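Hi,

Here is the structure I said I would pass on. Have a look at it first, and then read on for what turned up.

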Amino acid sequence: MNLLTEENHKPLGGWRVLVPRGGPWGDGVAASLREQGAVPVVAPLINFAATTDPDALNDALERLGNGEFDWLTVTSATTVDVLYAQRAVIPAKTKVAAVGETTAAALTAAGFKVDLVPAKDNSAAGMAEEMIALEQAAPRRVLSLRSEIAKPVLSKALQAAGHDVSSVVAYRTVGVPVTERIMRDVVSGRINAILVTSGSVAVQVHEQFTDIPSTTIVAAIGPRTAKDARKVGLDVDVIADRQTVDALIEAVSRFPLPHAADELQP
C-alpha cells in the first residue's frame, strides 16, 4: 500500500481542515490532524495583544506572588502564555482552577500546577459552581485573569456567593485577516471543515468568510462556543461532546468527506 492510499484509509484521509489559530496550539492541532490523515491549513484568525492597563496586571501578579490570593482562575491557554511571559509566581498555598482540559494542559506544560478542572461543565459558570461548592466554609480571595472581551460570568457568580474577586484583564483579542488564497479555498469548498474553538474565532469566521459553502463542515469545540457562534449568525454543523481538540477532530471524522468542485485544482 503506498503512502497516499494509507492516508486515504485514515478517518480524515483526503480532508483539508482549517485551523483558526497559530503558534504552539496551532502546531499541535495540525499534528493531530495529520495523524488522522487530514491536510491541516493553519490560518490564524485571531491574535492576542497586550492589555491596555499593564499596571493593573503587574500589580495583580505581584499580589499573586506575595500570596494574597487563595485562588487563581485561568479560563484560556492564552492566559497561561501571559503568566509564563510575565514570569508569574504562584505560591503553593494558592489553588489554581482551569476552565477545561486544554487550559489545564497548558498550565502543566508551562510548569504551573492545577488544582481544579470542572468535572461536568467546562465553562466559567461550571468552574464557578464547583469552586463555590468547595469553598462554603469562608469567603476566599480570588484573582480572575481574563480577556478584555470575556463576559464577567465567573466573577459575578463568585461575588454573589460572598467571595472577594479581583477581575483583571490579562490580554486583548484582535482579528487577523486571512490571505486571498485561504479566502479562495474556503469560498470554493476546497476547505472541507473549519474548526471553531472560541467565540472570538466564530466572530472572525462569520465576518471574514461571508459565503461558506453548504458542503463545508463548521465544527464547534463545545456547546458554549456553538451558542456564541450561532449568536453572531454562524451556522454550526457539529459540536464536540467534550471541550478538547481530540473530541473536536473526532466529531468532524464522523462525517463523510464533503465533495468540492474545485478540490482537485492546484
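**What turned up**

Helix H6, which spans residues 124-134, has four residues listed as buried, namely Gly 126, Met 127, Ala 128 and Met 131. The cover over those buried residues of H6 includes E4, E5, E6 and H7. Before you go further, please keep in mind that this is a predicted model.

Met 131 comes up again at the largest cavity, where the lining consists of Trp 71, Met 131, Ile 132, Glu 135, Arg 140, Val 142, Leu 158 and His 163. By class, that lining has five nonpolar residues, one polar and two charged. The volume of this cavity is about 30 Å³, and a search of the whole structure turned up one cavity of 30 Å³ or more.

Next, the nonpolar core. The largest one holds 24 residues, and those touching the most other members are Leu 72, Leu 83, Leu 107, Leu 143 and Leu 145. Two or more residues of this core come from each of H3, strand E4 (71-74), H4, strand E5 (95-98), H5, E6 and E7. Which residues does Leu 83 touch, if we leave out residues up to four places away in sequence? The answer is Leu 61, Leu 72, Val 74, Ala 88, Leu 107, Phe 112 and Leu 145.

Now to the sheet. Five strands make an open sheet with parallel pairing, in the order E2-E1-E8-E9-E10. Its edge strands are E2 (39-42) and E10 (238-239), each of which pairs on one side only. If you start from the E2 side, you will find E1 and E2 paired in the parallel sense over four bridges, with Val 42 in E2 as the bridge partner of Val 19. Along E1 (residues 16-19), Arg 16 and Leu 18 point one way while Val 17 and Val 19 point the other way, and all are buried. At the E10 side, strand E9 (residues 217-220) is joined to E10 by two bridges, and the two strands run parallel. There, Ala 220 has Ile 239 in E10 as its bridge partner.

The largest pocket contains about 1,200 Å³ of space. It has 47 lining residues, and Thr 75, Ala 150, Ser 198, Gly 199 and Asp 228 are the closest to its centre. At least two lining residues come from each of strand E3 (46-50), helix H4 (77-85), helix H5 (101-109), strand E6 (141-147), helix H7 (153-160), strand E7 (164-175), helix H9 (199-208) and helix H10 (223-231). Of these, H10 gives the most, with six residues. Sorted by class, the lining of the largest pocket has 17 nonpolar, 22 polar and eight charged residues.

The second largest pocket has a volume of about 550 Å³. Its lining counts 29 residues, with Arg 21, Ala 77, Thr 78, Asp 81 and Val 82 nearest its centre. Helix H2 (23-35), E3, helix H3 (54-65), H4, H5 and E7 are the elements that give two or more residues to this lining. What is the make-up of the second largest pocket's lining by class? It has 20 nonpolar, seven polar and two charged residues.

Thr 173 sits in strand E7. Is Thr 173 buried or exposed? Thr 173 counts as buried because its relative accessible area is 18%, and buried means under 20%. Leaving out residues up to four places away in sequence, Thr 173 touches Ile 46, Asn 47, Phe 48, Ser 147, Ile 149 and Ser 200. Between the C-alpha atoms of Thr 173 and Ala 98 there are 19 Å, and the two residues are 75 apart along the chain.

The other one is Arg 87, in the loop between H4 and E5. Arg 87 counts as exposed because its relative accessibility is 75%, and the cut-off for exposed is over 50%. Its phi is near 55 degrees, a positive value in a residue other than glycine.

Cheers

Terms used:
Residues numbered from 1 in each chain as written. Predicted model: local features only at pLDDT ≥ 70, side-chain atom pairs only at ≥ 80, totals over all residues. Heavy atoms only, no water. Pairing = 2+ DSSP bridges. 1 Å grid on protein atoms, 1.4 Å probe; cavity = no way out; pocket = protein on both sides within 12 Å on 5 of 7 lines; lining within 4 Å. Points joined across faces, edges and corners; volume = space filled by probe spheres on them. Nonpolar A, V, L, I, M, F, W, Y, C, P; charged D, E, K, R; others polar. Core = buried A, V, L, I, M, F, W, Y, C linked by side-chain atoms within 4.5 Å. Buried < 20%, exposed > 50% of the residue type's maximum accessible area, 1.4 Å probe, protein only. Contact = heavy atoms within 4.5 Å.
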